[in-house]
Amino acid sequence: MGPLWLLALIAGLSFFGFILGHWKSVVLSGKGRSTLAARPGYYGAYVLIWTAMPALLILVALSIARPLLAEHTVRANLPQQVLDNPTQLSLEISGVEQVAAGLKTATPEELENIRIGVVTARSVFAGHGLPLGEDVRPYQLIAASALNLVSDGLDTAVDIAVVAALAFGLIFAFMRVKPRLRARNLVENTVLALLIAASSVAVLTTIGIVLSLLFQALQFFSMVSPINFYFGTVWDPRFAAAGSTESGQFGFLPLFWGTIYISFFAMLVAVPIGLFSAVYMAEYATSKVRSIAKPLIEVLAGIPTIVYGFFALTTVGPLIRDYVAVPLGLGTSGNNVITAGLVMGIMIIPYVSSLSDDIITAVPRSLRDGSLALGATRSETMRQVIMPAALPGVVGAVLLAMSRAIGETMIVVLAAGVAARASLNPFAEMTTITVKIVNQLTGDLEFTSPQTLVAFALGITLFVITLGLNVLALTIVRKYREQYE
Amino acid sequence: MSAVQTATPFETVRTPDPASRPIKIHAAAVKVTYGQKEALHGVSIDIAEKAVTAFIGPSGCGKSTFLRCINRMNDTIAGARVEGTITLDDRNIYDPDLDVVELRARVGMVFQKPNPFPKSIFDNVAYGPRIHGLARSKADLEEIVVTSLQRASLFNEVKDRLNEPGTGLSGGQQQRLCIARAIAVSPEVILMDEPCSALDPIATAKVEELIDELRANFTIVIVTHSMQQAARVSQRTAFFHLGHLIEEGPTDHVFTNPLEQRTQDYITGRFG
């Protein structure tokens, strides 16, 4: 049976177990021997959990173990000279797996023909719609048949184990259903375990991402010293030509400057506009206007960044070049920092405005009333009472928007270009960390050269920067919350 | 019973003021509507100068709504509409030419829950004088703040920590801070919306004592749920019920010898 059939069986039997458990508890309580410790549904769920859980765990464990065992079998049957060539090993193993798949399609007659050498395995497999790149070598045939044998055995073992677990769980739990059984506890604990599992997936993924970045980054730093990386002012990684020993220069500073500079202009656009529109929405707009305008502003956050990118490329960039940069004699390129900052700023307006709006609205009405009752105008109230009270939260919103800006890639590629350069001229082409990560990871890759690995060093640095900003933002927001609760 | 009352045309029972104080605020046929719902059905009352007038009545009777009409705080509520006239020193406060900011500087308000701004004690009190430009110099401002705190009987408790946040004070101190904040803009009238309902008995006693002292210089209107409080601090009492002003008169008279059955029922605890 395939895993899908097994899952269906588990589902079916578990449901059956639920009915059985429910039925038994109802019957037991109906005899009036004693009242139940829980409602019948809990007894049903109790049997269901006992039926499904062990079987599922076994299925998952064996599914994880299977490929490992299969690979072990293949390795054990490969000749020594193949094993000695580690770079080709994974290719060889997948070759064997293909042959094994082919052998499964062949009829016994054809297998016999292959064995005595009347036809080649390759032509037989091709006849069954499985073309191979090259002729099948004898040792591959041996390894493939061993693999088939082992995987067939494993399939049977999985089937037996799962069915046994199902039967055991169902019977065991059904026997244990008694009026005094605390069925609720198991159900509650299972729910708890599921919830914990769900949250750990998120946490473990983060840890996994950090670790994968970290190891590759460490590999990079073993080739290029961190001092050269973090304090280098020239970004010139060269191409990772095969056999080339020259590795170029990996100066982080131009990228960092580009990132900061573009984000600065983005914030220059987003913070005032976002904040003012938040103030309008929260304090002045009637609820009707607010209910229409707020979603409209939030639409800005939903536009794909590539769309912003070509808006910048075809409209904003040329406008700024023709009407500002060229007349001022500061640049001749449609790709520049101002364009990227402007367009990115528009994109993050809703991050600032929406969060700030919520925060301003959360300032207690009593403070507004207190100020208005003293004869303050609305704008005086806003500036002197509400904004100071909301400020920590607004700062948090701004920082969140900023980490969004720092991580933005698409707009930068199209609006500011890919030239790594540190210049004060905002009409010059510049680029950011994320753009260079994409650059270094595009095309044919060799994960042993610094040209590629530098992407991971950049990635982890960016991760640390945005993580720092987010932590700062959350700390400020939390502090703000304590003030009113 | 309620249906009958709201349907019939209404006549407030009035007992004149034996002390014949001058009239500070005169309200005539004030109606307030929130959206479709009429909360006040035409209230007329004269409020005497330099005296404490207490508004009593069960929850939802319209006494706070009427109080908020006097400094036009109802303007800040979306959908609220006020009809009728209210004059302050013979000037209609709902006149379109009247500057509401100026009105609120003359008619201060203290709220049910102490609402100090998240600023220092000093800045809380200095807020009003600053926005109205009442102080010509820093020393002037300091004097206003100190005087206001003294008049609110808070100065001795906070004089060493004027730069600490006002939100760090106890509930009773916070409420007196709010009173000091209201006094600092030298209003003529102070409206108090259940100023003691969030305070413990000791803090309440202090605030009541303060109200009694403030009467010498300000016209005070206080909404309260505590009949003892109304009896202790006020000279005149007005009893509201279901959006009507049922009875108004000298406090001792209203409490000892109410002319209206419903007033009698309410003050003896029969309903409410």
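How many residues does the contact take from chain A and from chain B? The legends below start with this contact in the predicted model.

**View 1. The contact between chain A and chain B.** The contact takes 18 residues from chain A and 22 residues from chain B. On the side of chain A that touches chain B, α14 (365-373) and α15 (378-406) of chain A each supply at least two residues. The largest share of this side, 6 residues, comes from α14(A). By type, the residues on the side of chain A that touches chain B are 8 nonpolar, 8 polar and 2 charged.

**View 2. The two domains of chain A.** Chain A is divided into domain 1, residues 3-181, and domain 2, residues 235-484. Between the C-alpha centres of domain 1 and domain 2 of chain A the distance is 50 Å.

**View 3. The open sheet of 7 strands in chain B.** The strand order is β1-β11-β10-β4-β9-β8-β7 (chain B), and the pairing is mixed. β1 (13-14) and β7 of chain B stand at the edges with a single partner strand each, so one side of each has no neighbour in the sheet. Helix α2 (residues 63-70) of chain B packs on this sheet, where it touches β4 (52-56), β7, β8, β9 and β10 (236-241) of chain B. The direction of α2(B) makes about 150 degrees with that of β9(B). Within the sheet, β8(B) and strand β9 (residues 219-223) of chain B run parallel and are joined by 5 bridges. B:Asp193 has B:Val223 in β9(B) as its bridge partner.

**View 4. Helix α7 of chain B and its surroundings.** Helix α7 (residues 171-183) of chain B has 13 residues. From its first C-alpha to its last, α7(B) reaches 18 Å, close to the 18 Å expected at 1.5 Å a residue. Of the 13 residues of α7(B), 12 are buried, so the helix is largely enclosed by the rest of the structure. Among the buried residues are B:Gln173, B:Arg176, B:Leu177, B:Cys178, B:Ile179, B:Arg181 and B:Ile183. Their cover includes β7 (107-110), α4 (121-132), α5 (138-151), α6 (155-158), β8 (189-193) and α8 (201-214) of chain B. α7(B) lies across β7 and β8 of chain B and runs at about 170 degrees to β7(B).

**View 5. The open sheet of 4 strands in chain B.** The order is β3-β2-β5-β6 (chain B), with antiparallel pairing. β3 (37-48) and β6 (91-92) of chain B are the edge strands, and each pairs on one side only. Helix α2(B) packs on this sheet, touching β2, β3 and β5 (80-88) of chain B, and its direction makes about 120 degrees with that of β2(B). Strand β2 (residues 23-34) of chain B is joined to β3(B) by 9 bridges, in the antiparallel sense. In this pair, B:Val30 stands opposite B:Val43 in β3(B). β2(B) is also joined to β5(B), by 8 bridges, and these strands run antiparallel. The bridge partner of B:Tyr34 in β5(B) is B:Ala80.

**View 6. The hairpin of β5 and β6 in chain B.** β5(B) and β6(B) pair over 2 bridges in the antiparallel sense. B:Leu88 stands opposite B:Arg91 in β6(B). The hairpin has 2 residues between the strands, and in it B:Asp89 takes a positive phi near 50 degrees.

Notes:
Residues are numbered from 1 along each chain as its sequence is written. Chains are lettered from A and ligands numbered from 1 in the order in which they are written. This is a predicted model: local features need pLDDT of at least 70, side-chain atom pairs count only at pLDDT 80 or more; totals for chains, interfaces and linings use all residues. The expected span of a helix is 1.5 Å times one less than its number of residues. A residue is buried if 20 or more other C-beta atoms lie within 10 Å of its own, exposed if 12 or fewer, and partly exposed in between; C-beta atoms are placed from the backbone. Two residues are in contact if their C-beta atoms, placed from the backbone, lie within 7 Å. Ala, Val, Leu, Ile, Met, Phe, Trp, Tyr, Cys and Pro count as nonpolar, Asp, Glu, Lys and Arg as charged, and the others, Gly among them, as polar. Two strands pair if DSSP finds at least two bridges between them. Axes are lines fitted to C-alpha atoms, for helices over the stretch in contact, and angles run from 0 to 180 degrees between N-to-C directions. Domain bounds come from an automatic or database domain assignment.
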